Amino acid sequence: MHLHKYEKIWLVFGMASLVLFLLIIGFAAFWKGTHPQSHMETIDPQNVEAHDAFKPENLGIREVADGKYIVNIVASAFNYDFGKDTEGNANKTIRVPKGSTVLYQITTKDVVHGFQVAGTNVNMMVEPGHISRYEAVMKNVGEFTIVCNEYCGIGHHQMYGTVEVYE
Amino acid sequence: MGKGNSKQHQPNSNESTHNLKGTFIAVMLLGVFILVSWFGFYALFLSR
Amino acid sequence: MTKVQLPLSKKESRLYMAFMWVTYISLFVGGLMGLLQTLVRSGKYTLPFNIDYYTILTVHGVILGLVLTTFFIIGFQFSLMGKTVGISDKQLKVAWLSFWVMLVGTIMAAITILVGEASVLYTFYAPLRAHPAFYIGLALVIVGSWIAAFVNFRQLYVWKKAHKGEKSPLPAFMVIINMLMWFIATIGVATSVLVLFIPWSLGYAETINVLLSRTLFWYFGHPLVYFWLLPAYMAWYVVIPKIIGGKLFSDALARMAFILLLMFSIPVGFHHQLTEPGIDPTWKFIQVVLTFMVVIPSLMTAFSIFATFETTGRRKGFKSLFGWFKKLPWKDVRFLAPFIGMAAFIPGGAGGIVNASHQMNALVHNTIWITGHFHLTAATTVVLTFFGITYWLVPHLTGRRLTPRLNKLGIIQTFIWTFGMTIMSGSMHIQGLLGGPRRSSFSEYAGGEQVATWINYQIAQAVGGTILFIGILLMVYIFIQLTFFAPRGVQEYPIAVEEDDAEPTPKILENWYLWIGITIALILFAYTIPVIDIIKHSPPGSPPFDWLIGR
Ligand SMILES: [Cu+2]
Ligand SMILES: [Cu+2]
């Protein structure tokens with residue numbers, strides 16, 4: 001099979017670009033640990049409270065060390081449960097200072113949901129029987145909408161929350 | 001459209017089929033576009 | 001070389017036209033649903049009669065993504081086979097069977113969706129449970145397409161036996177590649193439907209393994225998009241050169257590109273599941289690498305297209321560096337529509353590489369960027385090429401002509417499409433980068449600045465969607481004109497031939513055992529261990545949920 005000289009150069013250039021991309025994301029993934037969310041732990045979707053993180057009293061945000069937070073969430077159609085505030089009202093807003101490291105842990109009691117803190121890299125699928133977990137440094141100040149970005153039924157667009165990153 | 005005719009033109013046609021300078025520039029521009037856009041989005045990803 | 005085109009008999013033309021009819025009815029119905037979606041999402045319009053947004057979303061996805069594409073592709077491919085290797089009476093009968101099985105399945109699924117019993121989108125979404133008729137209908141569509149595939153295999157086999165030692169005609173070769181890929185890929189979704197969904201939807205199985213069902217779906221979901229793209233590539237490789245008055249750039253390279261597409265389109269489904277739990281990230285990365293391999297045949301295709309343009313132009317005597325480009329037949333819609341499709345594939349393909357870039361996927365996953373992405377690749381690249389084929393295929397089949405007036409309307413249609421899609425897909429891309437979700441009805445969420453920005457882009461999408469719907473009406477009008485009213489005459493079926501002094505194509509390119517063997521080996525490599533993992537470490541299964549989709 002005959003390849004024109006220019007086509008050879010083009011294909012070498014194209015493949016080299018692809019290899020370069022793969023080296024960059026591969027280095028970031030395997031050496032820096034920035035894989036996409038791929039948590040392997042399973043859970044009984046009909047009994048998520050059996051897991052410590054998803055007991056009603058443990059839901060919502062908790063500071064575990066200086067500048068380090070854990071947010072536990074239970075998703076169900078069509079709501080994110082971030083726990084209750086001191087007056088017993090459902091929490092809808094997570095507040096963290098800029099630069100803090102936040103570990104989001106989430107599971108679902110029913111169907112597949114999404115969990116995205118829009119405008120950040122926190123973006124994961126939430127599937128029954130699995131725990132999704134992603135740690136992110138909240139670099140930028142602002143109000144970020146949490147959206148369910150995976151279809152979960154007729155109320156899908158009513159599933160949301162807010163992350164507020166303050167100075 | 002006879003065979004003889006096409007043979008007569010062969011050197012000429014060979015030359016023209018092998019001049020692919022425009023093609024080369026076009027695909028390289030395409031390649032540069034892919035590179036630039038990929039790095040742009042990667043930078044956006046890192047900034048978030 | 002026997003490169004004479006075979007005439008298409010009236011009988012076969014009727015079959016190919018039947019597929020075109022379903023295509024254009026689907027375009028109208030699915031397009032209308034798309035228009036309604038963009039209007040709802042603008043926040044300024046509510047659907048009448050209590051119709052649910054997700055019902056029309058499901059109709060839109062199933063009718064355009066599955067029905068329109070599959071019918072057009074199978075019809076067009078049958079015509080390519082008929083033109084180059086012929087079809088026997090018996091094969092024609094079986095081909096009709098495939099049409100009817102697919103149609104019955106389509107109608108079953110469509111009714112189930114329309115009565116609100118299957119608002120599960122076309123990606124299924126277990127453990128949301130649709131009515132069994134939805135799954136059975138889709139299974140029939142797939143079975144029908146398999147019948148078509150086996151007719152195609154048989155057509156080439158019979159031709160080969162009669163033409164010992166000759167290489168198969170290039171269009172037939174390409175059709176066989178596409179149908180092989182389709183067959184191997186749909187085994188995944190068929191397994192998922194038959195083994196997991198149907199027993200579970202009928203109540204025989206109490207629970208379903210959600211992650212396994214999703215993995216089987218996406219094993220099919222990526223080759224699905226290549227099943228759409230390959231017929232467009234067929235047109236670019238063998239039809240466009242003829243329309244611009246040129247010849248094939250390279251028969252061997254075209255075949256090589258298709259073989260690579262067969263091998264690397266399937267073992268890549270994890271790039272749709274990059275942010276899912278329960279799948280080892282190393283295996284995700286391996287499939288990302290394989291996904292990048294499938295870019296290579298597209299790089300080859302880009303070169304080959306430009307080279308065809310340049311060679312043709314230079315032969316006509318244009319000497320300057322880009323003179324050949326100016327002289328392309330811009331006023332011929334058979335060229336213009338597919339050309340814009342090619343141009344759309346540049347940002348479309350670049351975006352695709354971003355989507356598949358492992359952790360970078362989090363930037364765009366399930367945002368409306370993805371919707372914008374496949375409205376560039378599928379709804380522009382593929383669909384404009386299919387329109388470009390329609391302008392000559394339909395009159396060829398009905399014994400009519402593409403008149404200058406219809407050609408002009410086609411050009412206007414192409415511009416409307418390009419304009420509407422630029423607005424709609426462009427605003428989808430931007431809104432997606434700003435975090436706006438896909439598959440979502442209008443919502444103000446918690447309010448705030450971010451959401452207000454999204455809504456502005458959704459209004460832009462409604463403007464684009466409206467323009468596109470006008471384009472659809474015009475296209476349906478052109479289709480009806482070409483079918484019934486255009487003047488009688490002969491419309492050429494453009495298939496390019498090789499250069500007289502073309503190099504012979506290496507025999508190995510037709511070594512089917514070799515290519516199918518490598519394809520299967522790659523699939524086994526990419527999927528065996530992770531699937532065993534998924535099954536071994538599966539959590540308790542999920543019971544069905546009906547009320548969540550309003551059943
Ligand atoms: Cu949802
Ligand atoms: Cu894909």
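**Getting to know loops and a copper site**

Student: C:Asn50 sits in the loop between helix H1 (10-42) and helix H2 (53-84) of chain C. Is C:Asn50 buried or exposed?

Tutor: This is a predicted model, with pLDDT of at least 70 needed for local features and 80 or more for side-chain atom pairs, while totals for chains, interfaces and linings use all residues. Residues are numbered from 1 along each chain's sequence, chains lettered from A and ligands numbered from 1 as written, and side-chain values use heavy atoms, without hydrogens or water. Helices (H or I, at least four residues) and strands (E, at least two) are DSSP runs numbered from the N terminus. With buried under 20% relative accessible area, exposed over 50% and partly exposed in between (1.4 Å probe, protein chains only), the 77% of C:Asn50 makes it exposed.

Student: What is the phi of C:Arg439?

Tutor: C:Arg439 is in the loop between helix H13 (404-433) and helix H14 (449-485) of chain C, and is buried at 11% relative accessible area. Although C:Arg439 is not a glycine, its phi is positive, at about 55°.

Student: How many residues apart in sequence are C:His222 and C:His272?

Tutor: Together with C:His271, they coordinate the copper ion (ligand 2) at 1.8 to 2.1 Å; donors are N, O and S atoms within 2.8 Å of the metal (3.2 Å for Na, K and Ca), with water not among the atoms. C:His222 is buried at 9%, whereas C:His272 is partly exposed at 23%. C:His222 lies in helix H6 (residues 210-243) and C:His272 in the loop between helix H7 (251-264) and helix H8 (281-293) of chain C, so the pair ties together parts whose separation in sequence is 50 residues.
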